[in-house]
Amino acid sequence: MLGLQTVLQNTLAAVQASGLPWHLECGPHPGMGDSIAAAVKATAGANGWLILPADLPLIQASTLQQLALQLAQLESRELRVIQPFYQGQKGHPVAFSRAAAQELAELSGDLGAASIVRNAAANQRLQRWDCDDIGCVLDVDTVQALEEARGIWQQRNS
C-alpha cells in the first residue's frame with residue numbers, strides 16, 4: 001500500500017489524470033516482452049506507445065503528458081524512441097513511435113523492449129529526455145524502494 005491505494009492504483013491514478021488514452025495489460029504472460037507485445041497488439045491502432053511498468057506509483061501525470069507531446073512531434077513513420085532520465089538514471093515510460101509497432105508486437109521474454117531501445121540508440125533514433133520526476137525511476141520492486149516511495153508520497157501529500 002502507498003497511502004490508501006496499492007502501488008498499481010497509484011500508478012493508474014497518474015495515468016488517468018494525464019487524460020491520455022491507456023490500456024492495462026493483465027496477463028498472465030511469461031515475461032515483460034510478452035506483456036508489451038500483448039498490449040501493443042491490443043492497441044494496434046495507436047499512433048505510438050508510452051510503455052509504463054505498473055510499479056512506478058510516483059510517476060506524475062504531467063510527465064506522461066510531456067512525453068506524449070514530444071512523441072507526437074516526431075515523425076511517426078520512422079522508428080523513434082524517447083527515454084526519460086532523472087538525475088542521469090534511465091527511466092520510464094519509454095515512448096515508441098508508431099513505426100515500432102511490429103517490433104514491439106514481436107517481443108517475448110524477460111527483457112522487455114531493451115533490444116529496440118538499443119537498436120534505436122545505435123541508429124541515432126533514441127532521444128534522451130531529462131526530466132525532474134523521480135517517479136520515472138523509482139520502481140517499487142523491493143521493500144526498501146517501497147519505503148522510499150512512501151516517504152516521498154507522504155511529503156507530496158502533506
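This is a predicted model: local features need pLDDT of at least 70, side-chain atom pairs count only at pLDDT 80 or more; totals for chains, interfaces and linings use all residues.
Residues are numbered from 1 along each chain as its sequence is written, and side-chain values use heavy atoms, with hydrogens and water left out.

**Stop 1: strand 2**

Select residues 81–86, which make up strand 2. Strands here are DSSP runs of E with at least two residues, helices are runs of H or I with at least four, and both are numbered from the N terminus. Is this strand mostly covered or exposed? Six of its six residues are buried, where buried means under 20% relative accessible area, exposed over 50%, and partly exposed in between (1.4 Å probe, protein chains only).

Now show the side chains. Val81, Gln83 and Phe85 point one way, while Ile82, Pro84 and Tyr86 point the other. In a regular strand, side chains alternate between the two faces of the sheet.

**Stop 2**

Two strands count as paired if DSSP finds at least two bridges between them. Look for Gln83, which stands opposite Arg128 of strand 5.

Finally, pick residues 89–90. This is strand 3, also antiparallel to strand 2 and joined by two bridges, with Gln89 as the bridge partner of Tyr86. Two residues lie between the strands of this hairpin, and Gln87 takes a positive phi near 50 degrees.

**Stop 3: salt bridges**

How many salt bridges does the structure hold? There are five, each a side-chain nitrogen of Lys or Arg within 4 Å of a carboxyl oxygen of Asp or Glu.

Return to Arg128, whose side chain meets that of Asp130 in a salt bridge (3.0 Å, N to O). Arg128 is partly exposed, at 47% relative accessibility.

Then select Glu147 and Arg150, whose salt bridge spans 2.8 Å, N to O. They sit three residues apart in helix 6 (residues 143–156), so about one helical turn separates them. To end, select Glu78, Arg80 and Arg125, which salt bridges with shared partners join into one network. Within it, the closest N and O atoms of Glu78 and Arg80 are 3.0 Å apart.
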